[in-house]
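Here is a short briefing for a first look. Please keep the sequence and the model side by side while you read.

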Amino acid sequence: MATYLSKTPAYDLEDATYYSPIPDQPPATSAPAGHRRSKKLLASILFSSFFLLSLILLFIKHQPESAVSQTKFNGTNQEKSSTSKPISPATRTPPPSRGVSQGVSEKAFRLAGSENVSYSWTKTMLSWQRTSYHFQPEDNWMNDPNGPLYYKGWYHLFYQYNPDSAVWGTISWGHAVSKDLIHWFYLPFAMVPDQWYDISGVWTGSATFLPDGRIVMLYTGDTVDIVQVQCLAYPANLSDPLLLDWVKYSGNPVLFPPPGIGVKDFRDPTTAWLSPDGDKWRFTIGSKVNKTGISLVYETADFKSYDMLDGYLHEVPGTGMWECVDFYPVSTKEVNGLDTSVNGPGIKHVLKASLDDDKNDYYALGTYDQFENKWVPDDPELDVGIGLRYDYGKYYASKTFYDQNKQRRILWGWVRETDSEYDDLLKGWASVQSIPRTVVFDQKTGSNLLQWPVIEVEELRSKSVEFDNVKLGPGSISPLKVGSPSQMDIVASFEIDKDAFEGTVEANSSYSCPTSGGAANRGKLGPFGIIVFADETLSEGTPIYFYVAKGANGKAETHFCADELRSSEAPDVYKVVYGSKVPIIDGEKYSLRSLVDHSIVESFAQGGRTVITSRIYPTKAINGAARVFLFNNATGVSVTASVKIWNMGSADIRHFPFNQS
């Protein structure tokens, strides 16, 4: 165990070059010159076909190999080069809207003013952005996780996938399997848009296990007329643990939008749960009436014919369209997960909706009356869409499933890109899935969930280094020497000097991470935390930190934030401050865990009470140039930090070896 004490001079982040403004435009970079044929040569070619042939042969013979040889770079043909040359930015126009005309949330990421700015990314930079232990397809576009389940020894993940491009388009269902949720095999598509009722897209759906072992998959199809309908599919061969072949029910679609619901506002059926008598199944579908988000409930005995129950499971005015609704029980007494049909004493139900209006996933805890078919939130001020979120960063369209193998509920989430669509096309891919998370009720607070990376991800840990009791005075920063700054699992805890804390009064109870100005905004009790993906000069870096606001009444509120404002010198990426309040129980240290994997950082505060997912696109702080720091930018207190950092290996993600026995 290595012990690290800061011996560097106090370094004031407020005055550091790290917090100097980023130029509006990067320095102009000339693109590599292409091979040019002179007009004189072209004229001479016209006089003689023989001379033309001679010139062609001579040109091919003497042209450098690097200029004529092509290789596939992350799904995009790019020139080979022994050096990392800039890829010249093209004239930008705003990307077209993708998805909205078909009634789904906007899939094109638009950065305000991005059509007027660009950055000369190199192949090295773009290659570095691809993750090493998060799930993503080989290339092209991916979005929502669909129908996750565990079957005959395999975890199955289905996902929205465009096989033709790195932007959203006509969607199929990609399919992958894993023994441990970390290492994955790609399988052939589970479903493709090949029927009139889903020809415009095979959209999000969920799996339900029946008591006899059968599996049914309800999903949304987008018809040839752009109407959202619900469809049924099931495995062709239940003896196949890979579930390779899926059959679409001949009676599809099984549900059309009911009266009063728009044809583009009816999507994403949930996993079904048993009715009170146990003889029928219920599931909910998200929708809206005017600006009120709603969840419709249907009941069925055979998944072929359905009745819509009266009223709504729940509704919240002003929240707009509810996508990807999820509904499941959590135990208030145990730490294990529960099957979706469980109800009774010691049970709360989670209702979650992905809000089309702001592209965030909101959840609330409440009570489900299965006889009245009504769900009521524990706290109306923390209702769906106006209260708690799964993740305060870039995280959307999430879906849970009950893992009967280990009696746990597992949460998947789509993590989109926040660079430009133009850059995604250069890379040849877009989006990753989050590391799967377990979800349990927080028995200490009684008011929120706890999310935590599945334990299997720890199999990737290798060499570690520890830094114990690092003393950080006000305005100080200390470097941490780590082996693999692009792939890390960081666990850190912080303690504020008790006497200074109790004697500090600071009336800034209105503090908010998104409007705070980031880690450069100094207060008496914060910010303090870690900085990842910083370069040596601190011109780039992403602080992940706590900020404690203490009012005149002595009451303290803690905020957990991720500051992307200086994460990249490129002007065409989204850079904001994410975060929210996090409850701190008496006697707890301030604690965080960050899973760092190239362009994604998932950070968990206080055991997962508050979570932030960031997408990071550095131009300098990549590979061996990346650095990690501890910092305390508070003005009134000292902080003691202890950190353990593991190097993380790469997941084995490849095609299933069908040719092997």
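Which backbone oxygen does the side chain of Gln451 reach? The side chain of Gln451 reaches that of Tyr390, at 2.6 Å. The model is predicted: local features need pLDDT of at least 70, side-chain atom pairs count only at pLDDT 80 or more, and totals for chains, interfaces and linings use all residues. Residues are numbered from 1 along each chain as its sequence is written, and side-chain values use heavy atoms, with hydrogens and water left out.

**Gln451**
- Gln451 lies in strand β25 (residues 449-453).
- Gln451 is buried, at 2% relative accessible area (buried means under 20%, with a 1.4 Å probe and protein chains only).

**The sheet**
- Six strands make an open, antiparallel sheet, ordered β26-β37-β28-β33-β34-β35 (strands are DSSP runs of E, at least two residues, numbered from the N terminus; two strands pair if DSSP finds at least two bridges between them).
- β26 (461-472) and β35 (610-615) each have a single partner strand, so one side of each lacks a neighbour in the sheet.
- From one strand to the next, the twist averages 15 degrees (axes are lines fitted to C-alpha atoms, and angles run from 0 to 180 degrees between N-to-C directions).
- β28 and β33 (residues 590-597) run antiparallel, joined by eight bridges.
- Ser493 stands opposite Ser591 in β33.

**The largest pocket**
- Its volume is about 580 Å³ (a pocket is an open set of points on a 1 Å grid, where a 1.4 Å probe fits, with protein on both sides within 12 Å along at least five of seven lines; lining residues have an atom within 4 Å of a point).
- Of its 20 lining residues, Phe501, Ile584, Ile585, Glu588 and Tyr590 are the closest to the centre.

Conventions. Grid points are joined across faces, edges and corners, and a volume is the space filled by probe spheres set on the points. Helices (H or I, at least four residues) and strands (E, at least two) are DSSP runs, numbered from the N terminus. Buried means under 20% relative accessible area, exposed over 50%, partly exposed in between (1.4 Å probe, protein chains only). A polar contact is a pair of N or O atoms within 3.5 Å; within protein, one must be able to donate a hydrogen and the other to accept it, and residues adjacent in sequence count only if both atoms are side-chain atoms.
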